[in-house]
Amino acid sequence: MKLESKIPAGPLAEKWARHKFSLKLVNPANKRKYEIIVVGTGLAGASAAASLAELGYNVKAFCFQDSPRRAHSIAAQGGINAAKNYQNDGDSVFRLFYDTIKGGDYRAREANVHRLAEVSVNIIDQCVAQGVPFAREYGGTLANRSFGGAQVSRTFYARGQTGQQLLLGAYSALSRQVANGKVKLYPRTEMLDLVVEGGKARGIITRNLITGKIESHSAHAVLLCTGGYGNVFYLSTNAMGSNVTAAWRAHKKGALFGNPCFTQIHPTCIPVSGHYQSKLTLMSESLRNDGRVWAPKSKEDAVRIQKGEIKPTDLAEDARDYFLERRYPAFGNLVPRDVASRNAKYVCDEGRGVSKTGLAVYLDFADAIKRDGRKTIEAKYGNLFEMYEKITGENPYELPMMIYPAVHYTMGGLWVDYNLMTTIPGLYALGEANFSDHGANRLGASALMQGLADGYFVIPYTVGDYLATIGPADKIPVDSPAFKEAEQKVHAQVNQLLSIKGERPVDDLHKELGHIMWEYCGMSRTAEGLKLAKQKIQALKKEFWTNVKVLGDSEEMNQALEQAARVADFIELGELMVDDALNREESCGGHFREEHQTPDGEALRDDENFAYVAAWEYQGENQPELLNKEILEFENVKLTQRSYK
Amino acid sequence: MKINLKVWRQKNNNTAGKLVDYQLDNVSEDMSFLEMFDVLNDSLTRKGEDPVTFDHDCREGICGMCSMYINGRAHGPQTGATTCQLHMRSFNDGDTIVVEPWRARAFPVIKDLMVDRSAFDRIIQSGGYVSVNTGSARDANEILIPRTVADEAMDAAACIGCGACVAACKNASAMLFVSAKVSQLAILPQGHSEHKERAERMVAQMDAEGFGACSFTGACSVECPKSISLDHIARMNREYLGAKLSSENVQG
């Protein structure tokens with residue numbers, strides 16, 4: 001398949017402005033003749049649905065949660081980046097662009113990233129206008145902080161609940177359009193298939209989670225704003241319901257999947273406590289601004305701490321290894337997420353980890369408290385410290401926090417062109433669900449920025465171009481054969497899951513998949529391990545389809561049935577991630593192949609052979625997928641080895 | 001530790017429910033309350049019994065989805081926490097724990113411990129927003145908001161919409177939820193131009209949904225996982241009264 005990224009011509013800083021002018025417009029009176037489906041109501045989905053409805057389109061918005069306000073964007077803590085340069089510290093659109101491209105280890109498109117940096121400033125204006133209570137200075141201006149690897153203070157925040165406040169802003173805009181009759185909401189409704197006819201996306205098949213009813217919805221365009229697939233690892237910081245099903249089923253209908261192996265492991269999460277663990281909780285990395293990361297210098301001390309014989313506070317300063325400060329004097333504790341995570345893993349692999357499991361390092365605030373006083377620290381991080389204490393039962397004002405990396409974000413996703421359209425005309429992917437802007441590693445406080453950029457400021461322009469091209473008559477009714485056939489397939493899968501009546505609960509199989517992915521396709525990967533993982537996943541797929549146990553029936557609220565369908569898709573995705581990781585014979589960003597590292601253990605890119613987006617094309621059940629390459633061209637930045645020393 | 005559970009089981013909204021006894025023998029004190037339910041559901045599934053349906057999603061206290069009424073308290077014995085943030089170390093070996101769904105006429109039971117809270121969405125739709133279209137905002141720093149005002153708005157905006165306030169109230173009143181939004185937008189200059197209509201409309205919708213009246217006992221604020229203050233109810237009452245006295249847009 002020929003991949004057309006549709007990157008506009010012209011100088012980088014003018015591409016988006018020129019492109020907006022070249023896009024076709026839909027006459028205001030004609031907008032009401034179009035239907036748009038938006039799946040997912042997180043930052044990307046809610047902002048897109050609200051903005052498109054404001055323009056006059058008829059929108060149907062779907063979410064599996066009981067309310068659009070609960071989408072997992074709500075859990076983002078730290079902040080949102082914008083190139084406002086309010087702090088007069090040298091920030092600019094170009095600098096935000098440059099930091100994002102570099103942070104992504106040169107595996108993102110220049111044009112997309114520059115557009116993201118450009119619209120970042122509009123996002124802050126929009127959110128403030130909606131009443132989002134960002135943190136302020138005493139004089140009333142907006143406050144900023146520096147965040148995760150940035151050397152300027154460009155992050156806007158609302159305590160440790162920035163995602164919540166931004167989502168509630170988008171949700172309020174969405175609610176206003178529901179009241180105006182321009183958006184129809186479908187909560188507790190899950191998309192189970194995409195309908196493609198005549199080469200275009202025509203609508204979706206959904207299951208009402210309360211009644212179990214399978215329904216068809218037709219539209220001129222379908223927007224997937226369905227988030228990431230971190231739950232393929234079972235344990236992640238994602239919500240329990242976060243899943244890949246909508247994106248995966250679109251993939252099986254022809255949408256290419258970009259860079260599936262690019263996953264982000266977040267360095268500051270609360271460590272695992274036992275086998276019953278259902279999810280991992282992130283501690284915002286803003287904590288790294290004041291906390292110092294360390295582990296005992298000697299294995300012996302680590303073991304004594306693991307056994308509970310001594311406390312971390314008993315360890316003298318010279319018995320501690322502040323390993324990030326030692327290895328990266330320039331950035332210290334603020335190195336990007338992938339670097340911080342990998343270093344924590346190395347320390348634990350050396351046997352210097354702490355906690356009962358030996359899988360944790362310290363994040364210590366003692367110096368910050370001494371320097372700024374407890375009150376200041378409490379004002380900055382009070383709710384995070386509280387959250388930590390609730391989960392672990394330990395007081396982080398007295399004992400250093402324990403942290404360990406956990407899966408947090410997926411940079412990969414459906415391949416989209418500059419207009420955010422997938423390889424299926426009429427099907428778009430926004431936010432974390434697409435692959436586009438973060439390359440091989442996402443910088444802190446950039447996810448919220450991208451979700452809202454796509455929804456508020458990109459899709460309202462680009463979707464119009466497609467709609468104006470096809471015209472209002474180009475839509476098919478829900479009783480047409482394409483819909484009926486897709487409905488039949490969904491019914492058949494639901495019935496199949498219920499009829500297996502095996503021995504193993506869904507969660508049990510999901511946990512097994514998670515172990516395989518974490519072990520072989522996690523922070524550090526090898527060809528040998530990935531090959532083994534592929535075999536294991538294939539075996540697990542067989543086991544799933546012969547031995548899963550789903551009780552109850554399809555015509556009722558049935559959470560195990562919902563979960564079973566999601567895990568079935570995660571298993572298939574897992575295999576593709578392994579293929580992608582195996583294909584990418586280099587290390588870049590979150591993807592670290594042990595075979596490819598510099599003598600001092602840093603990621604070693606291969607720009608000559610791998611400066612491309614791997615876009616995978618589905619070839620049918622149990623067939624190897626076909627690799628398509630979109631070559632990345634860099635005209636404005638020079639590819640260098642990322643150095644945070 | 002050993003835990004005895006009495007869990008509300010109800011097939012759907014058309015059938016009667018009842019409390020059913022379960023016993024768990026190997027509960028770790030580091031488990032969250034919902035992980036304890038995962039363990040229960042795993043054992044029920046293996047035995048061929050229907051697992052317990054309950055709402056949950058983020059499991060870190062922010063999405064507002066989880067909603068269990070535990071030993072007569074919304075979200076259980078801890079204050080300032082959701083059910084998913086409750087850990088078994090808050091209980092003792094051998095304890096009996098009664099777990100029910102939120103009980104309120106405006107929150108009908110869907111199944112077991114899961115209820116329908118869409119009434120909250122409809123209340124927000126009735127006016128819980130600032131009417132500003134995408135693209136028509138001015139520069140963010142042109143609106144100066146003193147830190148103390150922003151902080152107070154943030155206190156109100158922290159509401160997660162879980163419905164614990166309704167469940168905790170003997171009248172099943174939604175005043176704390178509604179007032180949190182009314183108050184946030186009344187404090188901020190951005191929300192000012194619509195403040196009268198907002199108070200009127202949101203209160204009218206709250207009544208239409210069948211929530212009870214507020215008798216200001218304060219149970220809602222105590223059980224609120226985000227400790228939303230009663231001050232916001234006072235502010236909403238003031239907003240509502242002011243609106244009723246001076247509004248040109250008088251509604252029922």
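Residues are numbered from 1 along each chain as its sequence is written, and chains are lettered from A in the order in which they are written. In this predicted model, local features need pLDDT of at least 70 and side-chain atom pairs count only at pLDDT 80 or more, while totals for chains, interfaces and linings use all residues.

**View 1. Chain B as a whole.**
Chain B holds 8 helices and 7 strands. Helices (H or I, at least four residues) and strands (E, at least two) are DSSP runs, numbered from the N terminus. The C-alpha trace of chain B spans about 60 × 40 × 35 Å along its principal axes. Of the 252 residues in chain B, 55% are buried. Buried means that 20 or more other C-beta atoms lie within 10 Å of the residue's own; exposed means 12 or fewer, and partly exposed is in between, with C-beta atoms placed from the backbone. Among contacts in chain B with a separation of 6 or more, 70% join residues 24 or more positions apart. Two residues are in contact if their C-beta atoms, placed from the backbone, lie within 7 Å.

**View 2. Where chain B touches chain A.**
Here 67 residues of chain B are in contact with 63 residues of chain A. On the chain B side, at least two residues each come from helix H1 (33-47), strand S6 (109-111), helix H2 (118-125), helix H3 (147-157) and helix H5 (175-187). H1(B) gives the largest share of that side, 7 residues. By class, the side of chain B that touches chain A has 29 nonpolar, 21 polar and 17 charged residues. Ala, Val, Leu, Ile, Met, Phe, Trp, Tyr, Cys and Pro count as nonpolar, Asp, Glu, Lys and Arg as charged, and the others, Gly among them, as polar.

**View 3. Helix H1 of chain B.**
H1(B) has 15 residues. From first C-alpha to last, H1(B) reaches 21 Å, close to the 21 Å expected at 1.5 Å a residue. The expected span of a helix is 1.5 Å times one less than its number of residues. Which residues of H1(B) are buried? They are B:Phe33, B:Leu34, B:Glu35, B:Met36, B:Phe37, B:Asn41 and B:Thr45. The cover over the buried residues of H1(B) includes strand S18 (504-505), strand S19 (548-549) and H16 of chain A. It also includes strand S1 (3-9) and strand S2 (18-24) of chain B. Just after H1(B), B:Gly48 has a positive phi of about 85 degrees.

**View 4. Helices H14 and H16 of chain A.**
Helix H14 (residues 506-521) and helix H16 (residues 559-583) of chain A have axes that come within 10 Å and cross at roughly 15 degrees. Axes are lines fitted to C-alpha atoms, for helices over the stretch in contact, and angles run from 0 to 180 degrees between N-to-C directions. H14(A) and H16(A) are therefore roughly parallel to each other, a label for angles under 35 degrees. The H14(A) residues in this contact include A:Val506, A:Leu509 and A:Leu513. Those of H16(A) include A:Ala560, A:Val567 and A:Phe570. By class, the contact of H14(A) with H16(A) has 13 nonpolar, 3 polar and no charged residues.

**View 5. Helix H5 of chain A.**
The 18 residues of helix H5 (residues 162-179) of chain A should span 26 Å at 1.5 Å a residue, and the end C-alpha atoms are 26 Å apart, which agrees. H5(A) is mostly covered, with 17 of its 18 residues buried. Just after H5(A), A:Gly181 takes a positive phi of about 80 degrees.

A:Val347 lies in helix H9 (residues 337-349) of chain A. A:Val347 counts as buried because it has 22 C-beta neighbours inside 10 Å. Leaving aside neighbours within four places in sequence, A:Val347 is in contact with A:Ala295, A:Phe323, A:Arg352, A:Gly353 and A:Val361. A:Lys307 is in the loop between helix H7 (299-306) and strand S13 (320-321) of chain A. A:Lys307 counts as exposed because it has 9 C-beta neighbours inside 10 Å.

**View 6. Two positive phi angles in chain B.**
Most residues other than glycine have a negative phi. B:Phe216 is not a glycine, yet has a positive phi of about 55 degrees. B:Phe216 lies in the loop between helix H6 (195-208) and helix H7 (219-223) of chain B. B:Ser227 is not a glycine either, and has a positive phi of about 50 degrees. B:Ser227 sits in the loop between H7 and helix H8 (231-246) of chain B.

Note on methods. Angles under 35 degrees count as roughly parallel, over 145 as roughly antiparallel, 65 to 115 as roughly perpendicular and the rest as oblique.
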